[in-house]
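Dear colleague,

My findings follow directly after it.

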Amino acid sequence: MPRGARTAANYEGLFMRLLQAEGEGADWREVARVVLHMDPEREPDRAWSAYQSHLARAKWVTEQGRLLRGTGSK
């Protein structure tokens with residue numbers, strides 16, 4: 001699969017890893033390196049932006065799933 005080409009299942013796993021890392025208090029640079037396969041020392045702005053946007057989307061998808069299943073919202 002070409003780099004950057006992801007399926008819905010790939011994103012689900014990626015999002016779960018991001019949410020788990022955040023819950024554990026992991027350093028964003030390590031998450032960028034391990035989960036997003038980016039070098040935060042070489043490209044700090046790009047890595048930070050990718051981390052933030054993917055984490056925000058993971059949270060959004062999680063909340064939308066709760067709403068769609070009818071378990072309520074905040």
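In this predicted model, Trp28 counts as buried, because its relative accessibility is 18% and the limit for a buried residue is under 20%. Trp48, by contrast, is partly exposed, with a relative accessible area of 39%.

The structure holds four aromatic pairs. In one of them, the ring centres of Trp28 and Trp48 are 5.0 Å apart and the planes stand at 70°, so this pair is edge-to-face. Trp28 belongs to helix H2 and Trp48 to helix H3, so the pair ties together parts that lie 20 residues apart in sequence. Ring pairs also join Tyr51 with Trp28 and Trp48 in a cluster.

Tyr51 leads on to the nonpolar core. The largest such core has 15 residues, and Tyr51 is among those with the most contacts inside it, together with Leu14, Leu18, Val31, Val35 and Leu36. Helices H1 (8-23), H2 (28-34) and H3 (44-69) each supply at least two residues of this core, and H3 provides the largest share, five residues. Leaving aside residues up to four places away in sequence, Leu18 touches Val31, Val35, Tyr51, His54 and Leu55.

One backbone feature also deserves mention. His37, in the loop between H2 and H3, has a positive phi of about 60° although it is not a glycine. The residue is exposed, with a relative accessible area of 54%.

With kind regards

Conventions
Residues numbered from 1 in each chain as written. Predicted model: local features only at pLDDT ≥ 70, side-chain atom pairs only at ≥ 80, totals over all residues. Heavy atoms only, no water. Core = buried A, V, L, I, M, F, W, Y, C linked by side-chain atoms within 4.5 Å. Buried < 20%, exposed > 50% of the residue type's maximum accessible area, 1.4 Å probe, protein only. Helix = DSSP H or I, 4+ residues; strand = E, 2+ residues; numbered from the N terminus. Contact = heavy atoms within 4.5 Å. Phe/Tyr/Trp six-rings, centres within 6.5 Å; stacked < 30°, edge-to-face > 60°.
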